[in-house]
Amino acid sequence: MTDLHHHGDAELAPGLVDLAVNVRAGTPPPWLRTLLHRALDDSAAYPDAGPARAAVAAAHDRDQSEVLLTAGAAEAFTLLARALRPRSAVVVHPSFTEPEAALRAAGHPVSRLLLSAGDGYRLHPADVPADADLVVLGNPTNPTSVLHPAATVAALARPGRVLVVDEAFADTVPGEPQSLAGRADLPGLVVVRSLTKTWGLAGLRVGYTLAPADLVEAMTAQQPHWPVSTPALVALVACTTPAARAEAHAAAAALEDHRRALVDALPPGVDVVGEPRSSFVLLRVPDGSRVREALRDRGWAVRRGNTFPGLSADHFRVAVRDPGTSRAFAAALAEILSRDPAPEELR
Ligand SMILES: Cc1ncc(COP(=O)(O)O)c(C=O)c1O
C-alpha cells in the first residue's frame, strides 16, 4: 500500500551519501547562517510578519493581501484542506504526496490523475475532469523532475475551481520560466512556494503561498497566531533580495550542468524517466528494490519510488550533486548491475 507520509529523509542513515533528499548541498550559505544566528538573538519578541510579507509580495509583484507566510510549503496543504470543502478533488500523480494526505486527513474524497510514463509524464488539461473543483499538481514535479509549460498549467484554471500548483522546486529552474507565481489574473490559482530546497532550510520550516485575497483569508483563518518564527521571517526577507535571487539563479544554472553530468554518467540498463528539469532525476532499473539495497550497502541513499502513486519498486529518485559525486554514484550502480544481474524472471 502507498505510504503517503514516506519521504526521502526516511532513507537516510549515518554514513550514507545523501541522494535521497533534494536539498541543495552546502546550504544554508554562510551569509544566511549569520543572519539566522542574529535572528535568534531577537527571538524574545513575538514575530512581526509585516516586512517578510512585503518582501515576498514585492519579489513576485503581488499585492500583500495575496501573500500567506507558512511554516514550510507543507503547512499550506493542510491549511487548504481545512479551509476548502471540495466536492471533487483531483491530485495529479506521480507527485509529492503531502497534498493528497492533507486532503484525505481533512475527510475529502480524492481522485488521482496518473500521468503516463510513455508520454514523458506530460500534462494534458483535457484529462482533468471538467467538474473537478480542486486540482493539485507540482511544477516542476517531484519525483519525475518534469517541468510543465506555464500555459498548460494555466489552462486548468477556471471560475469555480481552486488550482493548487506546488512550486517548491520552481527556483531550481534558471529564470523560473514556467512559474505562475506572478499570475494574479488566473481565477482560483494557489501557488505554493518553499525556501527549503534552494536555501537548505528544511529544519527552519519556511514557505509561502500566493493566492487570491479571499483564499489567503480563508487559509489564514486556519492558522494559529504567529505561525512563522522570527528566524524564518528573517530568511524570507533575506532570500528575496536581488542579491539572493541572483545567487539562486546561479545555483540553478550550475545545477543544469551537474544534472547533465549525472545523466551522462549513468550506465546502460538505467532509464531516466521523463525529461528532468529540477534538482533530481527519476530512474528506472530492473529489480529496483535489490539495486537500491545494494546501493545502500555501498553507502548510497536514494529515494525509493514505490510510495509514489503510479511508480513501482523499480523506480528511484536521485538528487543531483556535484559531478564527482554523481560519477562515483554511477560507477557504484554500474558495478551492481554488472555483478549482480537480475534474475531472468524479474527482467
Ligand atoms: C514537491 C514538494 N513540495 C513541498 C515540499 C515540502 O516543502 P517544505 O519543506 O517547504 O514544507 C516538498 C518536500 O519534500 C516537496 O518535495
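This is a predicted model: local features need pLDDT of at least 70, side-chain atom pairs count only at pLDDT 80 or more; totals for chains, interfaces and linings use all residues.
Me: Which residue forms a cis peptide bond with Pro28?
Reply: Pro28 belongs to the loop between strand S1 (17-18) and helix H1 (30-41). The cis peptide bond there has an omega of about -5°. The partner of Pro28 in this bond is Thr27.

Me: What is the phi of Tyr121?
Reply: Tyr121 is located in the loop between strand S4 (110-114) and S5. Tyr121 is not a glycine, although its phi is positive. The value is about 55°.

Me: Which helix supplies the largest share of the shell around the ligand?
Reply: Two helices, H3 (72-83) and H6 (196-199), each provide at least two residues of this shell. Among the surrounding residues are Gly72, Ala73, Ala74, Thr196 and Lys197. The largest share is three residues, and the helix that supplies them is H3.

Me: How many residues of the shell around the ligand are charged?
Reply: The ligand is surrounded by residues that include Asp166, Lys197 and Arg205, together with others such as Phe96, Phe169 and Ser194. Five residues of the shell are nonpolar and four are polar. The number of charged residues is three.

Me: How much of the area that the ligand exposes when taken alone does the protein bury?
Reply: Oxygen atoms of the ligand lie 2.7 Å from a backbone N or O atom of Ala73 and 2.9 Å from a polar backbone atom of Ala74. A polar side-chain atom of Arg205 lies 2.6 Å from a ligand oxygen atom. Taken alone, the ligand exposes 400 Å², and the share of this that the protein buries is 89%.

Me: Where does the ligand sit?
Reply: The residues around the ligand include Ala168 and Phe169, and the protein buries 89% of the area that the ligand exposes when taken alone. The site of the ligand is the largest pocket.

Me: Which residue of S13 is the bridge partner of Leu283?
Reply: Strands S10 (residues 280-284) and S13 (residues 315-319) run antiparallel and are joined by five bridges. In S13, the residue bridged to Leu283 is Phe316.

Notes. Residues are numbered from 1 along each chain as its sequence is written. Side-chain values use heavy atoms; hydrogens and water are left out. A residue is near a molecule or strand if one of its heavy atoms lies within 4 Å of it. A polar contact is a pair of N or O atoms within 3.5 Å; within protein, one must be able to donate a hydrogen and the other to accept it, and residues adjacent in sequence count only if both atoms are side-chain atoms. Accessible areas come from the Shrake-Rupley method with a 1.4 Å probe; for residues, only the protein chains shown count as cover. On a 1 Å grid over the protein atoms alone, a cavity is a set of points where a 1.4 Å probe fits but cannot get out, and a pocket is an open set with protein on both sides within 12 Å along at least five of seven lines; lining residues have an atom within 4 Å of a point. A molecule sits in a cavity or pocket if more than half of its atoms lie within 2 Å of its grid points. Helices (H or I, at least four residues) and strands (E, at least two) are DSSP runs, numbered from the N terminus. Ala, Val, Leu, Ile, Met, Phe, Trp, Tyr, Cys and Pro count as nonpolar, Asp, Glu, Lys and Arg as charged, and the others, Gly among them, as polar. Two strands pair if DSSP finds at least two bridges between them.
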